[in-house]
Amino acid sequence: MSAGVSLRAVSTAVPPTVLVQPEVRDVFAAQPGLNRLAQRIVATSFNVSGIETRHTVLEELRWDAHPDEPVFFDIESGELLLPGTKVRNELYAEHATRLYVEAGRAAIAACPGIEASDITHVITVSCTGFYAPGPDFMVARELGLDAGVERYHLGFMGCYASIPALRIAKQLCEADASAVVLVISVELCTLHLRSSNDPDTIVASSLFADGAAGCIVTARPAEPGERSFGLDRFATRITPVGESDMAWKIGDHGFEMVLSNAIPAIIDDHITGALEPLFAHEAALAEALATDASSEAVEHWAIHPGGRSILDKVESRLGLTEAQLVPARETLRDFGNMSSATVLFVLRNILLSDVAADGDRVAAMAFGPGLTVESALMTVRA
């Protein structure tokens, strides 16, 4: 068990433009050059996604937006445009900075007894854009952090990256009991959406969204009445298959996602093995996993909602109850897949829920390129 390191003040932020899933589906289905098979895949992918709304930084995707020179969407013709990677990345630098600062400021404000001047380390996370000086620098400057604050950026790791960020934050706090680590993830996935006949690209277009989340990790004691997560331990596991089934590459017209339909089956086959190193240090948890009783031993499950089918496989394989998947399914329904930020949204849902009680265990899991499974075991402190 950890020496009192806690995850506190999980805060989220999303851009104001809302995408309604059926409306986005109809736009993608009507794109010129789409063959009949692709049209069917668009309809299926969007309809079974489990998503109702998503958020985007692209204001021109609003129905009442009529820019003089559209970049991503020509509302008059209904055609999705194909801007280059430079244009997309410039928009990333502009909008990501704002969301990093917003989420970071919200986390500090939500953490009793912690001020900006207390922050000793900043860890930023993203896989949807690049710039330097980077988001870690922008956060330190805009939030008025100490000039000597230590800064780290985890880039291009994919959907699982927030869990390694929390692991690093825990290690920093164990090395220095006075450390206060600000962790922020910002992902602007919609900057890279495009029309295509490629099934992987279509599936990505039906799932991904924009969002930000920030939190505080520290060994400092929480204030009376404050809810937090004790960070018990972390584990990582690379599955023996799946390296080519989930990938993220830079193309001439944005970043290109490979997201094959084999992923749910791979997770189904290997999720139990991925949990073994996480549960191995506690006999009761290890036995529960071996006897298919994980849902009883661990009360709450913060599963990265990479898609509805992934959540279905996790629920079935681990024997979880419908209630245990509610935080993940609600996050998917209301926000879509925001890559690395998403699991922090799920954790916030659990932290604010009425059913999370002091001493409850929480297992968090996220999946990404490799195929890599990152997990964390936590304890609710209330």
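**Note on the central sheet and its helices**

1. Helix α3 (residues 85-109) lies across β1 (6-13), β6, β7, β8 and β9, and runs at about 145 degrees to β8. Helices (H or I, at least four residues) and strands (E, at least two) are DSSP runs, numbered from the N terminus. Axes are lines fitted to C-alpha atoms, for helices over the stretch in contact, and angles run from 0 to 180 degrees between N-to-C directions. Helix α4 (residues 135-142) also packs on the sheet, where it touches β6, β7 and β8; contact means heavy atoms within 4.5 Å. The direction of α4 makes about 140 degrees with that of β7.

2. The model is predicted: local features need pLDDT of at least 70, side-chain atom pairs count only at pLDDT 80 or more, and totals for chains, interfaces and linings use all residues. Residues are numbered from 1 along each chain as its sequence is written, and side-chain values use heavy atoms, with hydrogens and water left out.

3. The sheet is open and has nine strands, in the order β7-β6-β8-β9-β1-β10-β15-β14-β13, with mixed pairing. Its edge strands, β7 (150-155) and β13 (300-303), each pair on one side only. Two strands pair if DSSP finds at least two bridges between them. From one strand to the next, the twist averages 25 degrees.

4. Which strands pair with β8 (residues 180-188)? Val 183 of β8 is the bridge partner of Ile 123, and Cys 215 in β9 is the bridge partner of Val 183.

5. Is β8 buried or exposed? Nine of its nine residues are buried, that is, under 20% relative accessible area, with exposed over 50% and partly exposed in between (1.4 Å probe, protein chains only). Both faces are covered, with Leu 182 and Ile 184 among the buried residues on one side and Ser 185 and Glu 187 among those on the other.

6. The largest nonpolar core has 128 residues, of which Leu 7, Ile 119, Val 217, Phe 279 and Met 378 touch the most other members. Such a core is a set of buried Ala, Val, Leu, Ile, Met, Phe, Trp, Tyr and Cys residues joined through side-chain atoms within 4.5 Å. Not counting residues up to four places away in sequence, Val 217 touches residues including Leu 7, Val 181, Val 183 and Leu 231.
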